Amino acid sequence: MLSNLATRDVETLIHPYTNLDAHRAKGPLVLERGAGVYVYDTEGRPYIEGMAGLWCTALGYSNAELVDAASAQMSRLPFTHLFSGRSHDPAIELAEVLKELMPIPTSKVFFTSSGSEANDTQVKLAWYYNNALGRPRKKKIIGRQRGYHGVTVATASLTGLQANHADWDLPLPGFLHTACPHHYRFAEPGESEEAFSTRLAAELEELILREDPETVAAFIAEPVMGAGGAIVPPRGYFPAIQAVLARYDVRFIADEVICGFGRLGTWFGSEALGMAPQTLSFAKAVTSGYVPLGGITVDEPLYAAMVDQSAKLGTFGHGTTYSGHPVACAVALKAIEIYRRDRIVEGAAEKAPHFQARLAGLAEHDIVGEARGIGLIGGLEIVAHKRSRAQYDPKAGVAARCVAFAQDEGLIVRFLTGDRIAVCPPLIITPDEIDVLFDRLTRALDRTRDWIRAEGLGAA
Ligand SMILES: Cc1ncc(COP(=O)(O)O)c(C=O)c1O
């Protein structure tokens, strides 16, 4: 029996990334409030938010300073925009602070309201840039299988996941995908991480040559793939990839939407993984998820091209009403002040060995093939046979079942296609709370194993 709120939900809402058919019977989990790393449902039941919402609430759920920053800005100037040269101090100040923090040479910052809009802007600017340089054929963009970059028409095209392409008439022409850097799944028997990286870089080079380098504008990658399964790249991967990109004058876009602002124990994932992109996209933890904000960095050559085009065309014809919303900028400024003052990024790095040790311990579990991670992000891969790495029939929904057991144990984690489970708690989580999180996840895995046995499920 669904509760009153649940019934109203089913009758009125379309939920993103939800099986809309199953939802009609199952109904929603309705959350009411949050405090620290906990969220509470309408019955008052607490759950550890082991996904920081959607990889975003780095500062947890009851940060009064963020609330006050939003409230003060709302009272002072709730809205103005950046169109036609209009400006406001929170946007100017935030752009200055971000320029200081960026791990790559950054001339300017462009704000959006989401990660999708940020990456969509990246695509458009890669095209615009090459038009400005008189290279109208250099337009193709390369993403990776299992990469995730958003849901707009262009960013779903960048994304390398079946659910974002099948029956959506995507990807658009001109969007290509190179191999997924998941060593556990795709390395040859006995292939070292370094050799795997070298092979993937060679495959990327073959793709660029096959397409004609004069037609390839940019390559986009997340430092750690999030929605694709919390996949940490193999050793030497980004240096090998970057050497290929440089050879063919292909711009490198880092999608830091999940990894930015401390997730890997560094301010940006690029710093942890030896990435040297020309530009990066950010969102999510920049405001700790409290209000929507995203953006991209603009390097000097790109900025010069944008200025030339504006002179030629009369305007820079891009931007949304909420690009640089003052309330979002004010909250981001406060969030960054807190990250710095409270050593949140350093704290994440200090807690990471404990988090990763508990995660690695799950690799011993009967149904876990791989437990991988870095910083305060981790992924599990559920398998039917550890040695052959064979998986269960996707229709059995094993990872989804495990996530449901976790919820029953008072833990929110997320299942991803390929029987994967992601863990990505608020960065403020304490060592004791990390233990509670993994104890609950272990019990969920035990219950999943017992359920698999009771159902008599075998490898697909
Ligand atoms: C790496 C990455 N890029 C882009 C996006 C899209 O961001 P949004 O959902 O804010 O549009 C996401 C969302 O999870 C993401 O994980």
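The following paragraphs lead the reader through this structure, from its domains to its ligand and then to several individual residues.

The model is predicted, so that local features need pLDDT of at least 70 and side-chain atom pairs count only at pLDDT 80 or more, whereas totals for chains, interfaces and linings use all residues. Residues are numbered from 1 along each chain as its sequence is written, and side-chain values use heavy atoms, with hydrogens and water left out.

The chain is assigned domain 1 (4-62 + 343-455) and domain 2 (66-341); such bounds come from an automatic or database domain assignment. Taken over C-alpha atoms, the centres of domain 1 and domain 2 are separated by 26 Å. Domain 1 brings 37 residues to the contact and domain 2 brings 36 residues, where contact means heavy atoms within 4.5 Å. The size of an interface is often given as the accessible area lost when the parts come together. Between domain 1 and domain 2 the buried area is about 3,000 Å², and carbon and sulfur atoms give 58% of it; this is the accessible area (1.4 Å probe) that two parts lose on being put together, summed over both. On the side of domain 1, the residues that lose the most area to domain 2 are Trp55, Leu59 and Val345, which together make up 21% of what that side buries.

Helices (H or I, at least four residues) and strands (E, at least two) are DSSP runs, numbered from the N terminus.

Which side chain has an N or O atom 2.6 Å from an oxygen atom of the ligand? It is that of serine 116. In the side chain of lysine 284, an N or O atom is 2.9 Å from an oxygen atom of the ligand, while a polar side-chain atom of aspartate 255 lies 2.7 Å from a ligand nitrogen atom. Taken alone, the ligand exposes 390 Å², and the protein buries 82% of that; accessible areas come from the Shrake-Rupley method with a 1.4 Å probe.

Lysine 334 has its place in helix 14 (residues 326-341). Not counting residues up to four places away in sequence, lysine 334 touches Glu65, Leu66 and Ala69. Lysine 334 and lysine 284 are 50 residues apart along the chain, and their C-alpha atoms are separated by 14 Å.

Glutamate 433 belongs to helix 17 (residues 431-455). The C-alpha atoms of glutamate 433 and isoleucine 48 are separated by 8.3 Å, although these residues are 385 residues apart along the chain.

Two backbone features remain. A cis peptide bond, with omega about 5°, joins leucine 170 and proline 171, and proline 171 is in the loop between helix 8 (162-165) and strand 6 (175-178). Tyrosine 17, a residue other than glycine, has a positive phi near 45° and is placed in the loop between helix 1 (4-12) and helix 2 (20-26).

Note on methods
A polar contact is a pair of N or O atoms within 3.5 Å; within protein, one must be able to donate a hydrogen and the other to accept it, and residues adjacent in sequence count only if both atoms are side-chain atoms.
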